[in-house]
Amino acid sequence: MIAPAQLQPSRSLPVVNAFTEWDLLEEVIVGVVDNATFPEWHISLKATVPDNMWDLFQRNAGRPFPPERIAAAKKDLEELVHILEAEGVTVRRPEALDFRRPIVTPHFASSGGLYAAMPRDVLLVVGDEVIESPMAWRSRYFEPLAYRALIKEYFRAGARWTAAPKPELKDELYVHDFVDPTEDEPPRYVITDTEPTFDAADFIKFGKDLVVQKSNVTNEFGIRWLQRHLEGRFRVHVVEPRDTHPMHIDATIMPLAPGKLLVNPHRFPKVPSLFRGWDILEAPTPSIPDGHPLYMTSKWINMNLLSLDEKRVVVERSDEPMISALRRWGFTPIPCNFRNFNTFGGSFHCATVDVRRRGDAVSYL
């Protein structure tokens with residue numbers, strides 16, 4: 001881990017500086033899958049975990065994920081770290097906490113945590129500020145602590161640091177008789193608005209603007225809190241994809257460069273007017289084999305790409321349809337084995353969070 005004194009802004013940039021998803025990436029946090037643990041079963045998981053995984057989660061609550069799965073995902077992460085460093089990016093890692101330890105608060109108890117594999121869910125980096133998310137899953141209550149050592153270093157080097165209001169996660173936050181809506185029904189969510197909650201991965205950065213979706217972890221109260229917190233510095237726009245299991249927007253839309261937006265054609269058959277004038281790139285059908293286990297996502301995790309700049313994009317090595325599409329669109333794909341990491345609920349965007357990109361607050365919308 002780099003000592004605080006060594007953290008220096010690059011050519012007068014603040015040590016934390018991220019306004020878009022595509023400016024030149026200089027420093028990033030990459031998650032760790034060590035000690036990944038099945039979370040305690042809860043209604044909040046039922047709304048998002050694929051139904052073919054419910055029994056597996058219920059039977060193994062509080063136990064480690066299969067060691068061979070963890071080892072394979074860890075190998076993928078190490079390949080990603082190697083690629084990023086070879087491309088000139090500084091890589092930081094969180095602590096591998098013991099997620100098997102029970103969680104106890106005045107309002108709930110849980111058999112354990114989850115992992116520190118997805119920093120994009122936990123930390124929202126906006127401009128020179130790091131914001132800790134008030135997450136709705138009880139198993140993720142203490143997950144931000146895996147990043148505290150890094151955040152303190154960034155703060156001492158000049159970054160802003162905010163922790164959103166710590167949620168109580170009482171029973172009344174959840175809709176205990178939740179039933180999935182059909183595609184023809186209005187959206188409904190497993191969380192209420194009794195307190196603000198959001199996952200950072202429900203937000204996408206577009207310079208002076210952030211785009212967010214309501215989801216089964218991000219409620220209207222959480223969006224309002226962030227809008228008020230960022231008022232005068234950033235605008236926050238809400239979009240409504242057609243998704244019966246919404247959780248994290250980065251498998252629904254992904255900006256790859258100014259004016260170029262990768263879109264899930266099933267969730268956004270009609271692209272919001274907010275993106276008028278942008279080139280819309282329809283994501284190719286995912287190539288993930290039917291037999292490959294996906295604990296917490298759909299196959300559309302293939303959209304979860306990481307841009308290193310306006311041309312270079314990290315993509316799953318076996319996803320030939322996406323690689324070919326990116327080349328046709330004028331990008332330079334950087335292949336990386338990541339299928340085994342996909343099993344744990346994310347891909348390149350989820351597994352990372354930008355610390356510093358070489359860009360400024362510009363209006364793109």
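1. A pocket is here an open set of grid points with protein on both sides within 12 Å along at least five of seven lines, and its lining residues have an atom within 4 Å of a point. The model under review is a predicted one. In this model 42 residues line the largest pocket, and Thr48, His245, Arg267, Thr297 and Ser298 lie nearest its centre. The space in the largest pocket comes to about 840 Å³. Its lining comprises 19 nonpolar, 11 polar and 12 charged residues.

2. The second largest pocket has a volume of about 250 Å³. It is lined by 17 residues, with Pro187, Tyr189, Pro241, Arg242 and Asp243 the closest to its centre. Eight nonpolar, three polar and six charged residues make up the lining of the second largest pocket.

3. Which residues does Phe344 contact, leaving aside its neighbours within four places in sequence? They are Val33, Ala36, Phe65, Arg69, Ile70, Ala73, Tyr115, Met118, Tyr295 and Met296.

4. Ser215 is placed in the loop between β9 (209–213) and α6 (220–230). Its relative accessible area is 1%, and because buried means under 20%, Ser215 counts as buried. A polar atom of the Ser215 side chain lies 3.1 Å from the backbone nitrogen of Val217. Beyond its neighbours within four places in sequence, Ser215 is in contact with Tyr189, Ile191, Asp202, Pro246 and Met247.

5. The model has five cavities of 30 Å³ or more. The largest cavity holds about 70 Å³ of space. Its lining consists of Glu40, Trp41, His42, Ser44, Leu45, Ala109, Ser110, Arg138 and Ser139. Two or more of these lining residues are given by α1 and by β4 (109–110). By class, three are nonpolar, four polar and two charged.

6. The volume of the second largest cavity is about 50 Å³. Among the residues lining this cavity are Glu21, Arg120, Phe203, Lys205 and Val353. The most lining residues, three, come from β5. The lining has six nonpolar, no polar and three charged residues.

Note on methods: Residues numbered from 1 in each chain as written. Predicted model: local features only at pLDDT ≥ 70, side-chain atom pairs only at ≥ 80, totals over all residues. Heavy atoms only, no water. Contact = heavy atoms within 4.5 Å. 1 Å grid on protein atoms, 1.4 Å probe; cavity = no way out; pocket = protein on both sides within 12 Å on 5 of 7 lines; lining within 4 Å. Points joined across faces, edges and corners; volume = space filled by probe spheres on them. Nonpolar A, V, L, I, M, F, W, Y, C, P; charged D, E, K, R; others polar. Helix = DSSP H or I, 4+ residues; strand = E, 2+ residues; numbered from the N terminus. Buried < 20%, exposed > 50% of the residue type's maximum accessible area, 1.4 Å probe, protein only. Polar contact = N/O pair within 3.5 Å; in protein donor to acceptor, adjacent residues only side chain to side chain.
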